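This report describes a protein chain for a reader new to structural terms.

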Amino acid sequence: MEDRPSPAGCCYDDEKLQLVQSEHGLQYHLQKLPPQLGEAFRRHGECGQGAIDMGDWETARREFECCRNVVKELIATDVGKATQDWLLVWASLPLADLYHFHDKRLKEACEIQKEMLNCVMSLQDSDEHYMVFHTIAIFYYISLYEWGHSASCSSNPAVRKDPAVEKYAMLEDFDEKEAEPHICYLLAIEHFRHSGSLEVALDWIKEAKRVWEENFPDRKNYDYALWEASKYIAVRRYEEAEIKLTDLIGSMESDQDPGLDIMERIQPYGLLKDCYEELSRRARADGNTKRAEAYAASAVSAGIEESKLLDQVEDDTVQKVEELIKERLQHEGNQDYQKAAVCLEKCVDLIQRCDHPEELKISIKLCYDQLGSLYRNLYQQSATHNSVDHEFFSCAVHYYEEYLKLMVSPLDVADANYKLARLYGILDRVQILPFDTYAESLEGPSLAEHFHELQLSASNHRLEVDSYLAKDTPVLDYGKKAALIYADILYTMTENSESWTRVLEFHKNVYTLLQEYNVRRYVILERNRILTCKPLDHDHKETANRWMRQALLWAERERTRALLYQLGPNKLSPLASKELWDFDIDDHVAWEALKCTPAVCGDGTVFVEYSNFTRMNRWFVYVLTQDGTVDMTWTEEPVDIQKKLENLRTHLCYGCSEMPPDSGEVDGHWYDNRDMQKDLEYLHDLLISPIAETLSKMEPEHKLIFAPNELLTNVPFAALRDCKQPAGQRYLIERHTISVTPSIRVLKNCSERLKDLQKLSHKPSRGAIVALGDPAYGHNSETHRLEWSGQEVQFIESLFGEAQVVKLLGPDATPHNLLKWAEFPSENQFTQAVFHIGAHGKVDSKEFRKGGLLLARPGAKPYGPHKEVEKTCAIPESEKDGNLAKVEKNSTQINEDSQATRRSFGEVGGVRGNLSLGKRAANLKSDDIVRCGFQWNIDMVVLSACDTLRGEITSDSVLNLPRAFLTAGVPCIVASQWQVPDASTFVLMQGFYTHLRRGKDAASALRASMLQMLQILNPDDQQQVYKVHQWAPFLVCGLPTICLPPHLQDP
């Protein structure tokens, strides 16, 4: 395993504007190779680079092919996969260029570039690596285009230029009609750069012109002429560029393009001046002084014409605007927003007074946008200091509305509407603030002491509140417009892209704003009801219920949006999902879908969802019951909750010992068991006590399902403790059957997925349960053995019978075998009941930031007793169907649709078939599960490993192993919240599978096993044998009601 992110085998050279071999990456990785192989790779690499410098293409090709062969020999060694991949990229980069531009072996060039993409795809752990991937993808598509363009392939339907154009357009965010001439231009540049062939470069420029004219027959002459001249300049054909620009200027002067604005007329003169200056320099170098002087005179003439046109814009407008912008930035840096706004207003005035304001329309747009933001900040500042200046608000509205008028594209219009909604949201908070402040002033001791006189005052105040809340505000109007436009953009996009995920983030922000708007109104109404001690009448109840329902709808629309696209009914094209569209735009459809979801988890189910708004200094709890009733309550925003959770998790990982964790001191002493108990009680008071009345009506077997927000993902819900309860009822798990889910809609999708799985038959014989444990890490490995995980596998076999269980023990517990058995049901159209994985979980390093499993290292010798274990991982010959090789096939397949950003949401778009995981892999990461290329036909995955619920926290929930399995089609996952002890986990799993066997569902079986462990007492002191860290780490994620099929239950 790599200790840290590895340097790239190639990097992007900003000066050369191309990928180059990285010497730093080479040196870093060569030191990890066995000396003999490292020296061979270095020698062949140096010879290959020297041959390229000498123009000896054949020798260069031979030497870099030798480098690639050395890399292939590394498979049999312990060298990390990242090192192998980056060295392969280092050797392949020049080889692909040699095949393409010198040997015309386009098929081989495409294959090598495809292989490079496979290598880099799994190593995108930085912006630099993403840039490398992006650039290789560009070269792959242009090579594919030229191959498809060649006469030899024109009749082969498998090799066409159309897919290359389509993929390049998606990669670069172009229209397909514009993408093809761009590809031709790039081919001209690359042929000129690598082979120096002007003839080939000019042929591709001519082809670009032909394609342009074919795709845009009605486009005005200016567009293409300027574009074509720019391309000639790029390949240093200044004579041809000069001819094109001269013709273009002639057509402009004869008004053949009357629609051109002044800025468009300026650009050709600037390019022409540059051409003449370069031609003059060349002529002077050739000794042709007369021609050099003529070109120089022409350059001066072009410069004069350019200056005349610039003068028409405004002699000093541009310079003054630039100076004002600099001054504005300085004031804004000092948080003097008023002076910054004055500078921008002067900019707008200057632009509007110049002779050609239309030419600077973009600058005006930016000024209006920034002025709106500045006056919004000023308004917020004035409200914070209790000196509200509504003039600032009026100015912000004015400039944002002007900004909206100038917007054309749907994305810009949505952005402007969102900014106005946000601005009116601030006004709404400011106007509600007096009501909120008044309510706070009456709460507490003063209310009890002066009840009667304050009650009258509060009743009058309630009338004012009712009057204000009855008014319509523009927040909803602008917010809903923005939400609708964003939704329309999302569902009409044809492919996942980075721009798609940006829109997804914008959409989420709108939903958060609208959720807060409804919550704020409900809170004011409820607080005034409490103050007046009068129940709400029918109309007020309806209003309160409407706001609660609406707030929950906006909360659900905001949550797990990218995950829901992955789980959508049409996984190959999730953007076209009508169900998601209807939920976004139709409140009635959305509410009907939402209110029936708890019922899928059985009678008495209660769903609890948490939200927090920093601006309101409160946390809000939504409670949705089986009958569709929504309730909402709130609590004051906790102080240092992140620190408490981190201390708690660290202590639980320590095994509740008295040893001081790394988190340091708390109140002058090391964090110990007493602090842990206090924090568990504090979290119970914070998260559970506000809804205690609703929970008191539940039976222990009823499902209590939590949807924590980003801040609460690490809360140990099972162990939350209420010291007021009697013994045997203090821990939450003793009173309720608990599970977690990212959102209500994810739970609903899990239910629908289970219905799909139930349409298939369960495996009645060997393969109904697959159990992996005690992976062989090697006797010299730093990863310690998990012997008890092997005992878990043996127990499962003894409980369900050898005929039902496939064991993957010791050296057989590899990622390759795991995926092979995971795919087996999918290929043979049946459903597995359980896939049990007992291994080390890892989440700390950057490589495993989304979670991963450390499985058997291929070739590692088995531990002790497993030496004689038969090969249990082989699939019976009678059950093979010829399609099982798909996993291995996918290991060499490149999914060219994988450009979706993963920075804030993770992968978007469902399971992908681009896994580059070979037989030598020893680890399985979340991304590997998402990219495996098939749906897992498995009811339940049990992750008997450390930290499997942890991962990378994003605005779209946690990117972790359970999320990956949900994406892969598994509706129920049992996972852990911290590092779990090997032996006690065996005890917990014994109880869990025993209760599953007796017919309990997943959540009930896990609860029963936990209660059993809690009841085991030490006979000497009657203290509990198993501590919190041993019995409480596991939770069910997803659908909690999944049971074993009847043939696996006790008769």
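Where is the place of Asp-774? Asp-774 sits in strand E11, which covers residues 769–775. The model is a predicted one, in which local features need pLDDT of at least 70 and side-chain atom pairs count only at pLDDT 80 or more, while totals for chains, interfaces and linings use all residues. Residues are numbered from 1 along each chain as its sequence is written, and side-chain values use heavy atoms, with hydrogens and water left out.

**Backbone and burial**

Asp-774 has a positive phi of about 45 degrees, although Asp-774 is not a glycine. With a relative accessibility of 0%, Asp-774 counts as buried. Buried means under 20% relative accessible area, exposed means over 50%, and partly exposed lies in between (1.4 Å probe, protein chains only). Gln-829, also a residue other than glycine, has a positive phi near 55 degrees. Gln-829 is found in the loop between helix H33 (815–828) and strand E13 (830–838).

**The chain as a whole**

The protein chain has 39 helices and 21 strands. Of its 1051 residues, 57% count as buried. A contact means heavy atoms within 4.5 Å. Among contacts between residues at least 6 apart in sequence, 73% join residues at least 24 apart.

Ser-944 gives an example of contacts in the chain. This residue lies in strand E17 (residues 938–944) and is buried, with a relative accessible area of 6%. Leaving out residues up to four places away in sequence, Ser-944 touches Glu-792, His-836, Ile-837, Gly-838, Ala-839, Thr-985, Met-989 and Phe-1034.

Arg-43 lies in helix H2 (residues 35–54) and is partly exposed, with a relative accessible area of 42%. Arg-43 and Cys-67 are 24 residues apart along the chain, and their C-alpha atoms are separated by 8.8 Å.

**Two helix pairs**

Two packed helices are described by the angle between their axes and the distance between the axes. Axes are lines fitted to C-alpha atoms, for helices over the stretch in contact, and angles run from 0 to 180 degrees between N-to-C directions.

Helix H8 (residues 176–195) packs against helix H9 (residues 198–215) at an angle of about 175 degrees, and their axes are 8 Å apart. H8 and H9 are therefore roughly antiparallel to each other. In these terms, angles under 35 degrees are roughly parallel, over 145 roughly antiparallel, 65 to 115 roughly perpendicular, and the rest oblique. Among the residues making the contact are Tyr-185 and Phe-192 of H8 and Trp-204 and Trp-212 of H9. By class, this contact of H8 with H9 has 14 nonpolar, two polar and three charged residues. Ala, Val, Leu, Ile, Met, Phe, Trp, Tyr, Cys and Pro count as nonpolar, Asp, Glu, Lys and Arg as charged, and the others, Gly among them, as polar.

Helix H27 (residues 641–653) and helix H28 (residues 673–687) pack at about 135 degrees, with axes 10 Å apart. That angle makes H27 oblique to H28. By class, the contact of H27 with H28 has nine nonpolar, two polar and two charged residues.

**Salt bridges**

A salt bridge is a side-chain nitrogen of Lys or Arg within 4 Å of a carboxyl oxygen of Asp or Glu. By this rule there are 27 salt bridges. The table shows examples.

| Pair | N to O distance |
|---|---|
| Asp-428 and Arg-520 | 3.0 Å |
| Lys-748 and Glu-752 | 2.7 Å |
| Asp-927 and Lys-850 | 3.5 Å |

Asp-927 is in helix H35 (residues 926–930) and Lys-850 is in the loop between strand E14 (840–842) and strand E15 (852–854), so this pair, 77 residues apart, links distant parts of the chain. Lys-850 counts as buried at 7% relative accessibility.

Which residues do salt bridges that share partners join into one network? They are Arg-61, Asp-103, Arg-105 and Glu-108.

Asp-428 counts as buried at 1% relative accessibility, and Arg-520 counts as buried at 6%. Lys-748 and Glu-752 are four residues apart in helix H31 (residues 744–758), which means that about one helical turn separates them. Glu-752 is partly exposed, with a relative accessible area of 29%.

Methods
Helix = DSSP H or I, 4+ residues; strand = E, 2+ residues; numbered from the N terminus.
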